[in-house]
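Dear colleague,

I am passing the structure below to you, together with some notes on what was found in it. Please have it open beside this message as you read.

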Amino acid sequence: MASLPRRIIKETQRLLQEPVPGISAVPDENNARYFHVIVTGPEGSPFEGGLFKLELFLPEDYPMSAPKVRFITKIYHPNIDRLGRICLDILKDKWSPALQIRTVLLSIQALLSAPNPDDPLANDVAELWRVNEAEAIRNAKEWTRKYAMED
Amino acid sequence: METVDERVTEEVEALEAILMDDVSIKSAPNGIPYAVEAVVFPATADDTDQQYVRVTLEVKLTPGYPDNAPEVFLRNPRGLDDDQLRIIMEQIEEKCNNCCGDPVIYDLIELVREHLTSSNLPACPCTICLYGFSEGDHFIKTSCYHYYHAHCLAQHASKTEKFFNEEQEKLPHFQRSKTFEVLCPICREPIKCDVETLSKASLPLAVQNASIMEPDEKLREMQDYMSALYIQQKEKGGIIDPDAADNKVLLVNEPYYVVIKSVSQNLVGSSTSQSNCLGESCTNSEMATPEEEPETPRWRQRQIEQQERQRQRALQQRDGHGHGHGRPPQQPRLPKPPPPTKPEEDGDEDGVDGNGTQRSIGRQRRGRGRGARLNHRNR
């Protein structure tokens with residue numbers, strides 16, 4: 001704990017004290033760089049009503065490097081692959097140390113509202129999203145209901 | 001035909017005469033001014049390097065002005081926090097209400113300037129370390145009016161330069177044209193800074209004095225909720241299982257080189273003990289988008305090197321301490337049929353689509369998920 005950078009402590013405190021609506025991020029009890037995350041599906045999207053679990057890890061040189069994030073809950077989305085990996089520029093070459101855990105998670109939530117099948121990570125999903133959007137949205141809703149809703 | 005209040009015309013003329021380029025008058029096509037805009041800086045005898053704050057004052061001339069109060073907005077504030085802006089705004093409103101009937105714009109500009117002069121130290125925190133600026137800190141104002149501790153900006157600059165150089169090295173010589181620029185972390189404008197000087201600065205004072213955090217009851221409750229939800233979704237089959245996924249063989253598309261990657265099941269055990277790499281380095285490679293890889297000529301070389309390393313690692317399985325690259329052990333293997341999982345995904349994720357061509361499905365994951373979680377705990 002002692003070597004944990006102040007910035008991570010500060011972000012953690014703020015995440016707990018002023019949580020972003022629809023997003024919770026909680027550090028693991030044994031590793032303060034590993035966060036358990038829940039992002040709620042945005043209203044009006046096929047993911048509405050879903051609670052999606054993600055894992056987020058802050059690498060050694062964070063915030064100079066982007067956090068590593070992936071979905072743990074299954075999700076039907078053209079920019080998220082089968083293993084939950086996310087295609088998002090700010091997690092790669094467009095990372096900036098001015099971004100934070102909260103802004104990253106907000107961007108991921110925004111990605112749920114705006115799937116982009118032209119820049120796919122999950123090719124089968126993206127293909128269906130392009131040729132038959134209605135069916136793709138039905139699938140996404142079905143997956144949300146089946147995997148991401150609380151009983 | 002609309003006529004302009006004489007008092008307005010006179011005021012606008014006076015403002016232009018006094019402030020010249022520092023003020024801009026917006027007029028409708030018929031020549032009637034409808035707004036006045038001024039970027040206000042602290043009074044520092046024109047020493048712009050010493051101006052750490054600024055704000056744009058916009059005054060909209062309502063139809064009844066100056067008998068009615070104008071509408072005033074503060075835009076593009078730099079180095080000012082919400083409290084300061086609120087106080088300035090309150091004083092502006094007070095001034096407007098007290099001066100109905102008289103031209104007020106010059107007074108407003110002066111009011112804002114006085115305020116900025118008295119608080120000419122960025123009140124916003126440094127967005128890199130999230131701590132404020134204290135007396136004695138060495139900090140930088142960029143040309144785009146964003147503020148960073150010298151120490152923090154130096155780290156950003158050297159990290160991005162390193163990344164830039166690595167990327168350049170991957171390119172063939174004729175494509176290496178760009179020169180490195182430090183970009184502002186907030187607005188991505190190129191900024192000029194001398195990294196060597198910056199890096200001599202010491203850690204920001206607020207960071208040195210910050211307290212550490214103790215977990216409280218609320219945190220524990222949230223942690224419990226997270227685990228409960230995980231278990232619930234797991235029971236419903238809603239959790240991505242990287243282990244099951246690994247039984248599938250994914251082909252990574254390379255124009256000249258097709259790699260079949262999979263993981264030998266008997267290496268799972270050793271990968272869980274690689275505590276050092278699982279958290280970050282693994283994800284490093286794992287998170288790389290598949291589409292990034294094909295454009296790196298070094299890719300194939302790395303692949304071969306890596307397979308060689310993994311082969312060696314496989315020979316000495318008990319040595320679980322993967323260092324550096326952190327990619328979990330992987331071995332090239334023959335394809336085997338995918339296990340029955342989600343029908344929606346199958347057939348496609350085998351890496352061969354309808355056209356029989358291999359697609360890129362970055363396939364580097366192993367030992368994450370539960371395994372990774374355990375590892376984090378074990379640290």
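To begin with a question: is A:Glu142 buried, exposed or partly exposed? A:Glu142 is partly exposed, with a relative accessible area of 33%, where buried means under 20% relative accessible area, exposed over 50%, and partly exposed in between (1.4 Å probe, protein chains only).

Please keep in mind that this is a predicted model, in which local features need pLDDT of at least 70 and side-chain atom pairs count only at pLDDT 80 or more, while totals for chains, interfaces and linings use all residues. Residues are numbered from 1 along each chain as its sequence is written, chains are lettered from A and ligands numbered from 1 in the order in which they are written, and side-chain values use heavy atoms, with hydrogens and water left out.

The side chain of A:Glu142 forms a salt bridge with that of A:Arg145 at 3.0 Å, N to O; the term stands for a side-chain nitrogen of Lys or Arg within 4 Å of a carboxyl oxygen of Asp or Glu. Because they lie three residues apart in helix α4 (residues 133-148) of chain A, A:Glu142 and A:Arg145 are separated by about one helical turn; helices (H or I, at least four residues) and strands (E, at least two) are DSSP runs, numbered from the N terminus. A:Arg145 is also partly exposed, at 48%.

A second salt bridge joins the side chains of A:Glu55 and A:Arg70 at 2.6 Å, N to O. This pair links distant parts of the chain, with A:Glu55 in strand β3 (residues 51-57) of chain A and A:Arg70 in strand β4 (residues 68-71) of chain A, 15 residues apart, and both A:Glu55 and A:Arg70 are buried. Elsewhere, A:Asp118, A:Glu127 and A:Arg130 are linked in a network of salt bridges, and the count over all chains comes to 18.

Strand β1 (residues 23-27) of chain A has five of its five residues buried, so it is largely enclosed by the rest of the structure. In a regular strand the side chains alternate between the two faces of the sheet. Here A:Ile23, A:Ala25 and A:Pro27 point one way from β1(A), whereas A:Ser24 and A:Val26 point the other way. Five bridges join β1(A) to the antiparallel strand β2 (residues 34-40) of chain A, strands being paired if DSSP finds at least two bridges between them, and a hairpin of six residues connects β1(A) and β2(A).

As for chain B, it contains 12 helices and 11 strands, and buried residues make up 44% of its 379 residues.

With kind regards
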